[in-house]
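Dear colleague,

I am handing over the structure below, and after it you will find a summary of what was found. Please read the summary with the coordinates open beside you.

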Amino acid sequence: MTVSTPPATQPPVAFQIGADDNVATLLVNAEPGPVIVRGSTGERQITASEPIENSHKIAIAPIAEDADVIKFGVVIGAATRAIAQGEWVHLHNCRSRLDERSNAFDVHTGVPEDISYE
Amino acid sequence: MNEPIDKSISEAIWQSGNNAGWRGYLRSDGRKGIRNIILVVYTVECASHVAHSIGNGEQDVHVIGFPGCYDNQYAIRMILALGRHPNIGAVLTVGLGCEYTQPSKIAQSVRESGRPADSFFIQENGGTATSIALGKQKISQLRAEMDIQVQLVPMSWSDLVVGSECGGSDGTSGLAGNPVVGAFFDLLVDRGGTAIFEEIVEMIGLRPILDARGATPQASEQLRNAYDKTDRYCREVRQYSVAPGNFAGGLTTIEEKSMGAFAKSGSRPIQGVIRVAERPPHNGLWLLDSVPDAHFMQFGYTNPNDTEGIMDLICAGSQIILFVTGRGSVIGSAVSPLIKVTGNSITYNRMKDDMDFNAGRILSGEITLPAAAEELAALVRAVATGQLTKPEALGHREYFLMYKHQDTPALEAGCHA
């Protein structure tokens with residue numbers, strides 16, 4: 001997908017789908033700093049604590065270890081460690097409750113690391 | 001399996017203001033088409049060049065075919081469902097002459113549905129050139145017969161069956177592209193129409209949600225059974241429908257991808273599960289199960305490509321297909337027009353000639369989801385009244401028929417419980 005970085009004057013937008021979601025999806029690349037969370041509950045500002053790529057998820061509320069990660073109002077996985085508001089939520093701190101290979105992928109490329117090529 | 005049309009209801013909807021009806025092609029089974037297409041069907045790959053050449057330069061002639069020489073009940077059911085589709089007015093079947101699949105039997109079945117149909121074997125009529133000439137001659141005879149029979153009648157939302165499919169998904173598909181289709185499906189169902197969604201392999205993780213969406217206890221049981229079969233299938237083939245590109249694109253788990261795909265279903269109760277080449281027994285929202293059933297040969301993949309899934313939806317009687325793509329796709333379809341929806345404004349602007357609807361405006365805040373769904377409904381209505389979709393205008397007529405196994409009863413036997 002094509003990625004773009006907005007001018008520094010406009011904080012990047014993250015889209016929240018369900019009112020009870022604890023993650024939102026970035027619509028552009030975000031650097032550490034302010035992020036607008038837009039969605040069904042209106043708009044508010046939070047602070048990204050690290051760079052987060054377009055289409056990836058930002059925690060919009062603190063998530064305890066093994067607590068549900070919620071998007072679309074449904075459980076999409078479990079936190080593998082405590083996650084603070086503003087952190088990137090992905091394969092390094094969230095796993096599927098179904099797919100046993102869920103923790104076996106490179107966090108940036110998604111390439112599986114559990115298959116030997118030797 | 002089709003209830004008789006209540007003319008008074010149909011007329012009342014036809015007359016009511018902002019949901020005013022349009023004209024459709026009445027078929028003998030009571031269904032109505034939004035197009036009147038002559039379908040050329042080849043029954044083995046060896047006849048494909050002749051079949052396509054017959055269709056070349058002909059107005060409203062689409063070509064489909066089955067590549068295999070050996071026949072397959074699943075594929076035959078699909079060919080019959082396409083030949084008797086509401087958008088089809090006449091059929092010509094073309095065989096080489098030595099294959100298992102029988103062109104004359106297909107033509108006979110289509111004639112019994114009240115449509116003009118004809119067939120021939122290439123080996124009995126000379127070679128390539130003479131067969132193309134014969135086919136074109138038969139097309140003009142079929143067209144003449146079809147034009148005499150044609151019956152244009154009032155048509156409304158309740159006569160419309162719309163299918164939805166996604167492919168080339170990105171982060172916007174679950175946020176805007178699929179939700180706008182879901183919100184439109186709610187409108188369609190509320191107006192008495194029929195909506196069909198599929199891709200059960202992308203519903204893994206959603207068993208309780210599916211169960212709760214069942215319109216009746218029987219519907220919920222069908223949904224649980226379809227889910228459990230798919231779950232077994234995924235575990236047996238040791239693969240979930242999520243790929244490295246999805247992870248790199250920001251999706252973290254199959255549950256997340258599933259919910260983004262499931263958004264296409266909207267929020268209305270699900271009436272039950274149909275199988276490939278079955279028609280919904282009544283109006284409302286339906287799930288289509290295209291996952292192969294357990295079989296001694298274990299053959300058949302669920303959805304080897306997007307076009308295969310689109311054909312499944314068309315075989316169920318969908319007169320229009322909504323195709324959601326975030327990254328962009330350049331497919332279309334034979335038989336039923338494809339409306340291309342993207343949730344990505346960058347993709348929309350890059351592929352304007354191919355994209356029919358930009359749901360990316362929901363994400364930029366230009367339009368609300370309910371407003372976008374109303375706009376999509378207006379587009380669907382325009383296409384139903386004859387407006388060409390972008391893929392149609394570009395000449396896209398993709399099709400895909402393949403070997404698979406499902407324990408589906410014959411079409412006449414109705415819905416599989």
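Across the interface of chain B and chain A there are 12 residue pairs in polar contact, both residues being at pLDDT 80 or more; a polar contact is a pair of N or O atoms within 3.5 Å, where within protein one must be able to donate a hydrogen and the other to accept it, and residues adjacent in sequence count only if both atoms are side-chain atoms. The elements that give two or more residues to the side of chain B that touches chain A are H6 (173–190), H9 (244–248), H10 (254–262), H12 (345–350) and H13 (360–363) of chain B, and H10(B) gives the most, with 5 residues. Helices here are DSSP runs of H or I with at least four residues, strands are runs of E with at least two, and both are numbered from the N terminus.

This is a predicted model, in which local features need pLDDT of at least 70 and side-chain atom pairs count only at pLDDT 80 or more, while totals for chains, interfaces and linings use all residues. Residues are numbered from 1 along each chain as its sequence is written, chains are lettered from A and ligands numbered from 1 in the order in which they are written, and side-chain values use heavy atoms, with hydrogens and water left out.

In the interface, 31 residues of chain B are in contact (heavy atoms within 4.5 Å) with 34 residues of chain A. There are 2 salt bridges between the two chains, a salt bridge being a side-chain nitrogen of Lys or Arg within 4 Å of a carboxyl oxygen of Asp or Glu. B:Glu256 forms a salt bridge with A:Lys57, with the closest N and O atoms 2.8 Å apart.

Turning to the interior, 6 of the 8 residues of helix H2 (residues 48–55) of chain B are buried, so this helix is largely enclosed by the rest of the structure; buried means under 20% relative accessible area, with exposed over 50% and partly exposed in between (1.4 Å probe, protein chains only). The buried residues of H2(B), among them B:Val50 and B:Ile54, pack against strands S3 (37–42), S4 (61–65), S5 (88–95) and S6 (117–121) and helix H5 (128–149) of chain B. Just after H2(B), B:Gly57 takes a positive phi of about 75 degrees.

Elsewhere in chain B, B:Phe184 touches B:Trp157, B:Val162, B:Leu322, B:Ala373, B:Leu376, B:Ala377 and B:Val380, not counting residues up to four places away in sequence.

With best wishes
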